[in-house]
Amino acid sequence: MRLKGWFTSGATNLRVIAFSLDGKYTENAIYQKLLDLGLLKEEDRKKQSSSSFKFELPEELPSVEETLKTLAGALESLKVSGLEKNDVFRLRCIITGAKVYKDLLSDYINYRGLEAELLELREKYVEFSKKTQGVSPK
């Protein structure tokens, strides 16, 4: 019962819990499970959805190296003895996020490369078409 342990240790943000469960469950499913376990009441939903947390989009995407450094830092931090459950939970979220980001960034870079190759091939095709338009077949 990871959910019950996390929730009772102070991890009460449904979005964070859903993220830490690798997106296997929706916020609504987690909320319903917390209701079923008696850890939440129906009126607690309004409290759950109100958050003052805001984030800004970065100008540049962090590199794979920066992401791996973040991952390494979080892993090193887990070696510290006496961490509170909230700290461990937060570090786990950072580790999961770094792993997902690295995979998505890798896909993005691959797509950008494929896109560049397609544009180059398109230009070559147009040039080839122009050259062969005036040539009659033998």
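Me: Where is S9 found?
Reply: Helices are DSSP runs of H or I with at least four residues, and strands are runs of E with at least two, numbered from the N terminus. Here, S9 is in the loop between α1 (2-8) and α2 (14-20). Keep in mind that this is a predicted model, where local features need pLDDT of at least 70, side-chain atom pairs count only at pLDDT 80 or more, and totals for chains, interfaces and linings use all residues. Residues are numbered from 1 along each chain as its sequence is written, and side-chain values use heavy atoms, leaving out hydrogens and water.

Me: Is S9 buried or exposed, or partly exposed?
Reply: Buried means under 20% relative accessible area, exposed means over 50%, and partly exposed is in between (1.4 Å probe, protein chains only). S9 has 21%, so S9 counts as partly exposed.

Me: Which residues does S9 touch?
Reply: Contact means heavy atoms within 4.5 Å. Not counting residues up to four places away in sequence, S9 touches K85 and N86. S9 and K85 are 76 residues apart along the chain, yet their C-alpha atoms are separated by 6.4 Å.

Me: Which residues touch the most other members of the largest nonpolar core?
Reply: In soluble globular proteins, nonpolar side chains tend to be buried together. A nonpolar core is a set of buried Ala, Val, Leu, Ile, Met, Phe, Trp, Tyr and Cys residues joined through side-chain atoms within 4.5 Å. In this case the largest one has 15 residues, and W6, I17, I30, L34, L40 and F89 touch the most other members. Two or more residues each come from α1, α2, α3 (27-36) and α6 (85-133), with α3 giving the most, four.
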